[in-house]
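Work through the exercises below with the sequence and coordinates open. Each task is followed by a solution in steps.

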Amino acid sequence: MTGPLYGVVRWFLSVLPVDEAGRRVFDETLADWKREAKRASGLFARFVVAARAVFSVLRCLAGVSLREVTLIRQSGVLARVFLWTVGYLVVANLIVQLSPNHWTPSLAFRLYGQVPLVAYFLPVAVLLATALGGRRRTTPSLGLGLSTLLVAVALLGWGVPVTNRAFLEANPGTASTAGSGQIDIVPNPPGAGLAMAMGSRQTKPYLPTPMFGNDLTVPQLVTKIWRGPEAGGWSAIRWMSFFLAYLAACALIPVLATLLQRSKLLVRFAVLGTTVLVVGAQGGLAAPFGEFSIVWWLGAYWVPVAWMALCVAATARRFETPKVVV
Amino acid sequence: MRLPPTEQLILSLLANDGASYGLQLVESSKGRLKRGGIYVTLGKMEEKGLVSSSLQADGRRIYELKGLGHRALAAMEIMGDVSGVKP
């Protein structure tokens with residue numbers, strides 16, 4: 001007897017868009033599970049079989065994803081992600097340049113600002129590049145999800161905080177009246193960015209601070225959480241919630257996009273448009289109502305993940321692997 | 001071409017035990033092959049033409065060595081490559 005867990009896992013694997021080789025790996029792992037479950041007698045033996053089978057499924061998911069990473073280059077999706085990202089950067093920089101504001105963006109702002117922009121646009125670029133192209137070739141969605149996840153960890157966990165701090169240091173910021181009595185602007189010494197970010201610069205956790213303006217790497221955020229609420233620990237917890245939700249979204253997006261490739265035109269563009277909006281607004285979702293509810297300001301960032309999971313479930317039918325006709 | 005240790009081990013096990021299911025290979029490897037992961041490796045080996053498989057009624061596949069697999073194993077024995085992966 002296999003039980004409801006087997007049914008859920010089988011359904012989950014059946015909706016994942018993988019090629020024929022990946023599908024075979026899933027089918028064989030499930031066949032082993034079914035056979036062992038039939039032979040198991042007693043509650044404990046069934047529990048052991050189920051636990052072992054879940055680990056097998058996780059291992060085969062990892063194996064299939066790693067195998068698919070090697071197929072990404074052939075699928076042509078990387079070139080499309082690159083083109084979408086470059087297009088977005090050009091438009092975003094033009095908007096900053098041409099907007100009628102009263103300040104001229106400094107060179108440091110222009111240079112360091114590109115990294116948060118890329119991090120912000122990464123999931124949207126992967127979504128658009130996958131869903132709007134390459135229908136003739138199978139998209140290695142699990143491999144793409146794994147790769148996007150790893151790039152997102154590096155970008156948001158280290159790249160963005162490091163460039164944000166470099167930007168802080170590049171801007172002269174400390175006022176001094178020493179000497180002549182006149183106010184002088186003293187350039188920030190190296191490392192001042194980290195001191196500012198780790199120090200007493202506190203914001204209330206529910207305030208809508210820009211999520212891509214985080215100045216601390218993951219280990220530094222953990223240190224801040226460890227120091228407690230007085231040292232801005234809640235802000236760090238809030239950011240970690242955003243970080244994890246962003247990673248989950250990055251991993252899920254190629255799966256949804258690949259399923260959308262085979263959906264009807266109207267459904268594809270409706271879901272695509274809504275997902276772009278929801279993912280694009282991810283950083284600001286905690287702002288409304290967050291002042292009143294801790295659950296909201298921690299959980300709001302997971303709205304895009306929940307939305308995408310719902311869309312995947314709604315379009316769920318066993319993924320038809322393209323057959324090779326010889 | 002040098003085969004990865006896991007593939008060498010699978011070739012040795014198939015040569016010793018004859019046609020086997022994936023789970024049988026895992027069991028006879030005494031922990032060196034892992035459940036789930038073995039099917040990715042077997043799929044790669046089939047693409048390379050080292051092994052072949054046939055689907056059984058219960059949805060499982062039985063694997064056996066192909067000519068190229070036999071030759072690769074013989075070459076590895078000559079080179080001494082399989083010393084560390086004897087079943």
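## Overview of chain A

The secondary structure of chain A consists of 14 helices and two strands. The model is a predicted one.

## Helix packing in chain A

**Exercise 1.** Determine how helix 2 and helix 3 of chain A are oriented to one another, and list the residues at their contact.

*Solution.* 
- Step 1. Helix 2 of chain A covers residues 20–39 and helix 3 of chain A covers residues 43–69; their axes come within 10 Å and cross at roughly 170°.
- Step 2. Angles over 145 degrees count as roughly antiparallel, so helix 2 of chain A is roughly antiparallel to helix 3 of chain A.
- Step 3. From helix 2 of chain A, the contact takes in G22(A), V25(A), F26(A), T29(A), W33(A), E36(A) and A37(A). Facing them from helix 3 of chain A are R46(A), V49(A), A53(A), S56(A), V57(A), C60(A), G63(A), V64(A) and E68(A).
- Step 4. Sorted by class, this contact of helix 2 with helix 3 of chain A has nine nonpolar, four polar and three charged residues.

## Domains and the chain interface

**Exercise 2.** Describe the domain 1 side of the boundary between the two assigned domains of chain A.

*Solution.* 
- Step 1. The domain assignment gives domain 1 as 1–69 and domain 2 as 78–314.
- Step 2. Nine residues of domain 1 of chain A contact twelve residues of domain 2 of chain A.
- Step 3. On the domain 1 side, helix 3 of chain A supplies the largest share, four residues.
- Step 4. By class, that side has six nonpolar, one polar and two charged residues.

**Exercise 3.** Which elements of chain A give two or more residues to the side that touches chain B?

*Solution.* 
- Step 1. The contact joins 17 residues of chain A to 13 residues of chain B.
- Step 2. The elements in question are helix 2 and helix 3 of chain A.
- Step 3. Helix 2 of chain A gives the most, with nine residues.
- Step 4. The chain A side comprises six nonpolar, three polar and eight charged residues.

## The sheet of chain B

**Exercise 4.** Work out the strand order in the sheet of chain B and identify the edge strands.

*Solution.* 
- Step 1. Three strands of chain B form an open sheet with order 1-3-2 and antiparallel pairing.
- Step 2. Strand 1 (20–21) and strand 2 (51–55) of chain B each have a single partner strand, so they stand at the edges, with one side of each left without a neighbour in the sheet.
- Step 3. Strand 1 of chain B pairs with strand 3 (residues 61–65) of chain B over two bridges. Y21(B) has I62(B) in strand 3 of chain B as its bridge partner.
- Step 4. Helix 1 (residues 5–17) of chain B packs on the sheet and touches strand 1, strand 2 and strand 3 of chain B; its direction makes about 90° with that of strand 3 of chain B.

Definitions and conventions
Residues are numbered from 1 along each chain as its sequence is written. Chains are lettered from A and ligands numbered from 1 in the order in which they are written. This is a predicted model: local features need pLDDT of at least 70, side-chain atom pairs count only at pLDDT 80 or more; totals for chains, interfaces and linings use all residues. Axes are lines fitted to C-alpha atoms, for helices over the stretch in contact, and angles run from 0 to 180 degrees between N-to-C directions. Angles under 35 degrees count as roughly parallel, over 145 as roughly antiparallel, 65 to 115 as roughly perpendicular and the rest as oblique. Two residues are in contact if their C-beta atoms, placed from the backbone, lie within 7 Å. Ala, Val, Leu, Ile, Met, Phe, Trp, Tyr, Cys and Pro count as nonpolar, Asp, Glu, Lys and Arg as charged, and the others, Gly among them, as polar. Two strands pair if DSSP finds at least two bridges between them. Domain bounds come from an automatic or database domain assignment.
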